[in-house]
Amino acid sequence: MISIRQRKGVKTTEVSEDYAAREANVKLENKLPSGCASRRLWKLLSFTVGGTVALCIGLLTSVYLATLHENDLWFSNIKEVEREISFRTECGLYYSYYKQMLQAPTLMQGFHGLIYDNKTESMRTINLLQRMNIYQEVFLSILYRVLPIQKYLEPVYFYIYTLFGLQAIYVTALYVTSWLLSGTWLSGLLAAFWYVTNRIDTTRVEFTIPLRENWALPFFAIQIAAITYFLRPNLQPLSERLTLLAIFISTFLFSLTWQFNQFMMLMQALVLFTLDSLDMLPAVKATWLYGIQMTGLLLVCILQFFNSMILGSLLISFNLSVLIARKLQKNLKTGSFLNRLGKLLLHLFAVLCLTLFLNSIIKKILNLKSDEHIFKFLKAKFGFGATRDFDANLYLCEEAFGLLPFNTFGRLSDTLLFYAYIFVLCITVIAALAVAFHNLSDSKSQQSTGQTGKCTIILKPETAYNLIHTILFGFLALSTMRMKYLWTSHMCVFASFGLCSPEIWELLLKSIHLYKPKRICIMRYSVPILILLYLCYKFWPGMMDELSELREFYDPDTVELMNWINSNTPRKAVFAGSMQLLAGVKLCTGRTLTNHPHYEDNSLRERTKAVYQIYAKRSPEDVHALLRSFGTDYVILEDSICYERRHQRGCRLRDLLDVANGHMMDGPGENDPDLKLAGHPRFCEEIKRNLPPYTAYFTRVFQNKTFHVYKLSRNK
């Protein structure tokens with residue numbers, strides 16, 4: 001439906017405190033500047049240069065992505081309706097609320113319209129601030145009203161520039177995290193270069209600007225950087241308090257801007273649980289982080305008018321279970337290896353059972369069903385029985401929710417990122433296993449800070465955290481392609497840290513009997529510099545070509561449809577159709593919808609399935625009755641759905657509806673034995689023949705190559 005065509009006629013030394021600095025490395029560093037004052041001056045100079053590079057690389061990335069967006073769509077030259085259509089699917093829905101707030105006569109009326117909304121779902125009044133994560137649109141609309149920029153900057157540019165500005169913060173946070181882990185800002189520079197050269201796999205902001213993850217991931221990156229710093233030992237009390245504040249604010253903003261925050265933070269909580277159980281993290285710091293997660297999420301719950309999906313999240317239940325189990329199971333970290341291993345398994349079992357028990361109790365009390373489609377999807381995805389559930393199959397058949405394609409690793413290998421990542425991962429995993437075994441074997445071990453007893457291998461708590469983080473998010477990305485952006489960006493951080501880390505090179509050189517302090521210094525600086533030179537040589541010409549390639553947005557059929565709706569239908573008309581298209585209808589025309597792409601509500605999912613019967617084998621009487629039950633005045637049929645070829649048989653929308661209705665699927669291929677032939681032809685095909693049974697209920701009022709709009713008769 002939407003296409004892109006060629007334009008016509010347009011040709012420190014270190015900022016971190018070393019955890020356990022080697023005497024040889026200290027001597028090497030002391031040779032550069034002599035005396036305490038000189039060393040301080042050198043560190044200050046390094047910090048200044050590294051910080052300046054971080055800000056510059058972040059801003060350049062932001063400008064680069066914004067330029068790609070402009071060049072791809074010719075955004076500055078196309079009409080307003082075309083700009084809005086370019087915000088596809090749920091992106092258009094979210095942007096419509098920013099537009100709605102700006103069009104409201106006053107801020108109070110704008111808030112009232114969001115809290116008592118009756119245009120997003122027909123015949124229902126819903127609280128959008130409770131249902132959706134749109135506080136960022138509210139905040140931006142207020143800023144645009146207050147700041148004296150209306151004469152110089154259009155609302156849409158204020159919106160998209162804010163998102164691209166967040167990308168600058170995102171890249172800077174990745175840079176800082178790598179710098180903190182390795183002790184040199186060269187590592188951060190390499191992480192940023194890898195992020196940009198692997199842009200296809202690290203971000204999709206330039207073509208899905210309003211997507212919730214593009215708001216949330218920069219705050220998630222800030223949180224990871226703050227946690228990395230917080231886990232350092234021997235922090236000054238003031239530094240520790242300020243870092244906790246940074247963690248809390250970033251956690252809160254991350255939770256406020258993305259509806260899937262609870263699942264990402266559950267992964268984080270599992271990281272903390274693993275490290276705490278293996279004595280690789282101070283228990284006090286783990287408790288602080290558990291508390292911040294719950295506090296941030298509960299504060300978001302209050303702002304979202306006590307959203308039941310948050311209260312019933314697994315994260316709340318898990319964190320409570322961990323804290324309760326820790327109180328009940330005392331002396332968990334004492335005893336012999338086998339004794340401690342048994343206690344650990346018992347602790348794991350207790351936490352798991354308590355989590356499931358608390359979560360089921362909370363959901364029963366709240367009568368919560370908003371997230372059950374996610375668990376149905378996960379159950380079917382991981383092979384716990386086939387399902388005919390329409391919602392679960394809708395996710396299963398989408399490529400974004402499938403396994404990570406194998407060609408992803410080929411692209412990551414072209415930039416040497418994947419090879420470096422595997423190299424660093426193998427070394428750190430071996431070190432982590434050695435430290436964990438030593439911790440569990442040491443009956444007198446106390447809360448570990450990474451360096452334990454007589455263990456010759458050192459693994460800093462912040463390194464251990466980022467190791468388990470990258471492993472768990474790696475499994476998440478491998479199982480669900482849409483989540484790869486959480487993994488690949490951290491992959492840049494982890495790989496660059498390892499190549500610049502003296503500890504990693506020391507472990508490697510000692511294992512092959514080539515250890516010398518000078519060699520560590522040479523390797524940690526020469527390898528990343530060589531990779532940076534390789535990336536510049538191989539990818540700079542391609543990036544310049546990409547920036548010079550000029551295209552434009554081209555979707556005349558959708559533009560024609562939106563213009564027709566604006567000119568020929570009442571303002572209060574109710575439209576039915578696909579979720580993706582209706583989001584654009586809401587944004588471009590302001591008409592009332594029957595359904596929309598924000599799928600985290602049980603009643604909306606049932607309503608969407610009912611509306612989608614227009615693509616099933618149902619009688620005109622049944623379809624008319626279903627649509628009129630939602631107050632529908634017009635229904636939009638799309639040939640791209642009715643005659644879909646993008647998915648294979650069994651995954652086309654019409655196939656999912658047939659199976660859910662107990663009907664046999666079209667075309668050659670097998671059907672389950674209990675499926676039956678439908679008693680009626682497919683509605684979206686048969687209605688175009690203008691037969692009397694159909695014209696009695698539906699009148700065609702608009703048609704082009706892509707869309708057919710029918711007005712519903714009000715007769716019963």
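Helices H4 and H27 are roughly parallel to each other, because the angle between them, about 20 degrees, is under 35 degrees. This briefing concerns a predicted model.

**H4 and H27**

- Helix H4 spans residues 90-103 and helix H27 spans residues 579-589, and their axes lie 8 Å apart.
- The two helices cross in a left-handed sense.
- On the H4 side, the contact involves Gly92, Leu93, Tyr95, Ser96, Tyr97, Lys99 and Gln100.
- These residues meet Ala583, Lys586, Leu587 and Cys588 of H27.
- Sorted by class, the contact of H4 with H27 comprises six nonpolar, three polar and two charged residues.

**H8 and H11**

- Helix H8 (residues 155-182) packs against helix H11 (residues 212-230) at an angle of about 25 degrees, and the axes are 8 Å apart.
- The angle is under 35 degrees, so H8 is roughly parallel to H11.
- The crossing of this pair is left-handed.
- H8 contributes residues that include Tyr159, Leu163, Leu166, Tyr170, Leu174 and Leu181.
- From H11, the residues in the contact include Arg212, Trp215, Phe219, Ile222, Ala225 and Tyr229.
- The contact of H8 with H11 contains 18 nonpolar residues, five polar residues and one charged residue.

**H12 and H13**

- Thr251, Phe254 and Ser255 of H12 meet Asn261, Met264 and Met265 of H13.
- The contact of H12 with H13 has three nonpolar and three polar residues, with no charged residues.

**The second largest pocket**

- The second largest pocket has a volume of about 930 Å³.
- Its lining consists of 30 residues, of which Phe263, Leu266, Met267, Leu314 and Leu378 are the closest to the pocket centre.

Notes:
Residues numbered from 1 in each chain as written. Predicted model: local features only at pLDDT ≥ 70, side-chain atom pairs only at ≥ 80, totals over all residues. Heavy atoms only, no water. Axes fitted to C-alpha atoms, helices over the stretch in contact; angles between N-to-C directions. Helix = DSSP H or I, 4+ residues; strand = E, 2+ residues; numbered from the N terminus. Parallel < 35°, antiparallel > 145°, perpendicular 65-115°, else oblique. Left-handed = near helix turned anticlockwise from the far one by under 90°. Contact = heavy atoms within 4.5 Å. Nonpolar A, V, L, I, M, F, W, Y, C, P; charged D, E, K, R; others polar. 1 Å grid on protein atoms, 1.4 Å probe; cavity = no way out; pocket = protein on both sides within 12 Å on 5 of 7 lines; lining within 4 Å. Points joined across faces, edges and corners; volume = space filled by probe spheres on them.
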